[in-house]
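Subject: Structure handover

Hello,

Here is the structure I promised to pass on. Please open it first, then read my notes below with the model in view.

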Amino acid sequence: MTTNAPIPSRHARLAGFLQQDPDNPVLLAEASQAALQEGLFADAERHIDAGMRLEGRTQAWRFRLANLRIAERRL
């Protein structure tokens, strides 16, 4: 028997993993990228902010934030 349950998006799956491990910078980076690709800008910013709290304003996190701002057209 097959079900027609919707397949969760990549961001939804990663957000589920983050509930179990919210201080994982690799998951935060992946989730921010997935959210950005899916147009979930508020979620992307939340993940980036969490990553910056954990690791500081590293070049990698600032780059992610810059990409978000470009996508939002907030130059």
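One definition before anything else: a residue counts as buried when its relative accessible area is under 20%, and as exposed when that area is over 50%. Met 52 has a relative accessibility of 10%, so Met 52 counts as buried. More on that residue further down. Please keep in mind that this is a predicted model.

**Overall layout**

The protein has 4 helices and 0 strands. Read from the N terminus, the order of elements is α-α-α-α. Along the principal axes, the C-alpha atoms fill a box of roughly 50 × 30 × 15 Å. There are 75 residues, and 29% of them count as buried. Take the contacts with a separation of 6 or more: 45% of these join residues 24 or more positions apart.

**How the helices pack**

Two packed helices are described by the angle between their axes and the distance between the axes.

Start with α1 (residues 10–20) and α2 (residues 25–37). Their axes come within 9 Å and cross at roughly 150°. Angles over 145 degrees count as roughly antiparallel, so α1 and α2 are roughly antiparallel to each other. Their crossing is left-handed. On the α1 side, the contact is made by Arg 10, His 11, Leu 14, Phe 17 and Leu 18. On the α2 side, the residues include Leu 27, Leu 28, Ala 31 and Ala 35. By class, this contact of α1 with α2 has 8 nonpolar, 2 polar and 2 charged residues.

Next come α2 and α3. These pack at an angle of about 155°, with their axes 8 Å apart. α2 and α3 are therefore roughly antiparallel to each other. Here too, the crossing is left-handed. From α2, the contact takes in Pro 25, Leu 28, Ala 31, Ser 32, Ala 35 and Leu 36. From α3, the residues include Phe 41, Ala 44, His 47, Ile 48 and Leu 54. The contact of α2 with α3 divides into 10 nonpolar, 3 polar and 2 charged residues.

α3 passes α4 in a left-handed crossing. Among the α3 residues in this contact are Phe 41, Glu 45, Ile 48, Met 52 and Glu 55. They meet α4 residues including Trp 61, Arg 62, Leu 65, Leu 68 and Arg 69. The contact of α3 with α4 divides into 8 nonpolar, 2 polar and 6 charged residues.

**The core**

In soluble globular proteins, nonpolar side chains tend to be buried together. Which residues touch the most other members of the largest nonpolar core? They are Ile 48, Trp 61 and Leu 68, out of 16 residues in that core. The elements that give two or more residues to this core are α1, α2, α3 (41–55) and α4 (59–72). α2 gives the most, with 7 residues.

Look at Leu 68 in particular. Leaving aside residues up to four places away in sequence, Leu 68 touches Leu 36, Phe 41, Ala 44, Glu 45 and Ile 48.

- His 47 sits in helix α3. It is buried, with a relative accessible area of 3%. Not counting residues up to four places away in sequence, His 47 touches His 11, Leu 18, Leu 28, Ala 31, Ser 32, Ala 35 and Trp 61.
- Met 52 is also found in helix α3. Its contacts, again not counting residues up to four places away in sequence, are Arg 57, Trp 61, Arg 62 and Leu 65. Met 52 and Leu 28 are 24 residues apart along the chain, and their C-alpha atoms are separated by 9.8 Å.
- Arg 73 lies in the segment after α4. Buried or exposed? With 74% relative accessibility, Arg 73 counts as exposed. Its phi is positive, about 60°, although Arg 73 is not a glycine.

That is the handover.

Best wishes

Conventions
Residues numbered from 1 in each chain as written. Predicted model: local features only at pLDDT ≥ 70, side-chain atom pairs only at ≥ 80, totals over all residues. Heavy atoms only, no water. Axes fitted to C-alpha atoms, helices over the stretch in contact; angles between N-to-C directions. Parallel < 35°, antiparallel > 145°, perpendicular 65-115°, else oblique. Left-handed = near helix turned anticlockwise from the far one by under 90°. Contact = heavy atoms within 4.5 Å. Nonpolar A, V, L, I, M, F, W, Y, C, P; charged D, E, K, R; others polar. Core = buried A, V, L, I, M, F, W, Y, C linked by side-chain atoms within 4.5 Å. Buried < 20%, exposed > 50% of the residue type's maximum accessible area, 1.4 Å probe, protein only.
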